Amino acid sequence: MLVNNQTNYRQPSFGRFRFSNNAKEVVLSKINTPAKFKKFKELCELEETGDRARRNIDIFFVRHFTDRLYTEIGPKDYLQGIFQSTNSFLKKMTKKADELQKQKQKQKQTPGHTDIVSELDKLIVKSDKCEVY
């Protein structure tokens, strides 16, 4: 008897732009010169470095009269401007995500936050009334 043990293990992808299928088609149609491609590649590579490697920016597609991109960063929604290029929109969203990430880091560093987190951990782990699934 022959037994093959194969697993479909994929490393989760962090630190990049993730495009929906329709958004991917829009980007492919808009990035049509070597200069635009070079800038797009630089933006994508920047997302894979440093603190940015821990996050993803999901990009979606909205069709009005023109092909426009859309994303949600934190509690806010952002829509690509009518005359805004794809690369400038992605660059702006990178900056917005950086700002949100800095705000979250400041909140974690405030006094008392670590006390709350440790107390919540104790309640969740030691309590029979709380269930994590």
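Visitor: How many residues in the lining of the largest pocket are nonpolar, polar and charged?

Guide: This is a predicted model, and in it the lining of the largest pocket divides into 4 nonpolar, 4 polar and 6 charged residues. The pocket has a volume of about 340 Å³.

Visitor: Which residues lie nearest the centre of the largest pocket?

Guide: There are 14 lining residues, and Arg55, Ala97, Leu100, Gln101 and Lys104 lie nearest the centre. E2, E3 and H3 each supply at least two residues of that lining.

Visitor: Which element gives the most to the lining of the largest pocket?

Guide: That is H3, with 6 residues.

Visitor: How do you know that the length of helix H3 agrees with its number of residues?

Guide: Helix H3 covers residues 86-109, which is 24 residues. At 1.5 Å a residue, the helix should span 34 Å, and its end C-alpha atoms are 35 Å apart, so the two values agree.

Visitor: Which residues of H3 are called buried, and what covers them?

Guide: Buried is the word for a relative accessible area under 20%. In H3 it applies to Thr86, Asn87, Phe89, Leu90, Met93, Thr94, Ala97, Asp98, Leu100 and Gln101. Their cover includes the strands E1 (16-19), E2 (56-63), E3 (67-73) and E4 (76-79), along with the helices H1 (21-30) and H2 (34-46). Over the chain of 133 residues, 22% count as buried.

Visitor: Why is arginine 18 called partly exposed?

Guide: Arginine 18 has a relative accessibility of 38%, so it counts as partly exposed. Its place is in strand E1. Arginine 18 and phenylalanine 60 are 42 residues apart in sequence, with their C-alpha atoms 8.6 Å apart in space.

Visitor: Why is asparagine 56 partly exposed rather than buried?

Guide: Buried would need a value under 20%. Asparagine 56 has a relative accessible area of 22%, and therefore it is partly exposed. This residue sits in strand E2. From asparagine 56 to isoleucine 73 there are 17 residues in sequence and 9.9 Å in space, C-alpha to C-alpha.

Visitor: How do you know where empty space is left?

Guide: A probe the size of a water molecule is rolled over the atoms, and that shows where space is left. The second largest pocket holds about 200 Å³. Among its lining residues are Phe17, Phe19, Val27, Leu28, Phe37 and Phe40, while E1, H1 and H2 each supply at least two.

Visitor: What classes of residue line the second largest pocket?

Guide: By class there are 8 nonpolar, no polar and 3 charged residues.

Terms used: Residues are numbered from 1 along each chain as its sequence is written. This is a predicted model: local features need pLDDT of at least 70, side-chain atom pairs count only at pLDDT 80 or more; totals for chains, interfaces and linings use all residues. Side-chain values use heavy atoms; hydrogens and water are left out. Helices (H or I, at least four residues) and strands (E, at least two) are DSSP runs, numbered from the N terminus. The expected span of a helix is 1.5 Å times one less than its number of residues. Buried means under 20% relative accessible area, exposed over 50%, partly exposed in between (1.4 Å probe, protein chains only). Contact means heavy atoms within 4.5 Å. On a 1 Å grid over the protein atoms alone, a cavity is a set of points where a 1.4 Å probe fits but cannot get out, and a pocket is an open set with protein on both sides within 12 Å along at least five of seven lines; lining residues have an atom within 4 Å of a point. Grid points are joined across faces, edges and corners, and a volume is the space filled by probe spheres set on the points. Ala, Val, Leu, Ile, Met, Phe, Trp, Tyr, Cys and Pro count as nonpolar, Asp, Glu, Lys and Arg as charged, and the others, Gly among them, as polar.
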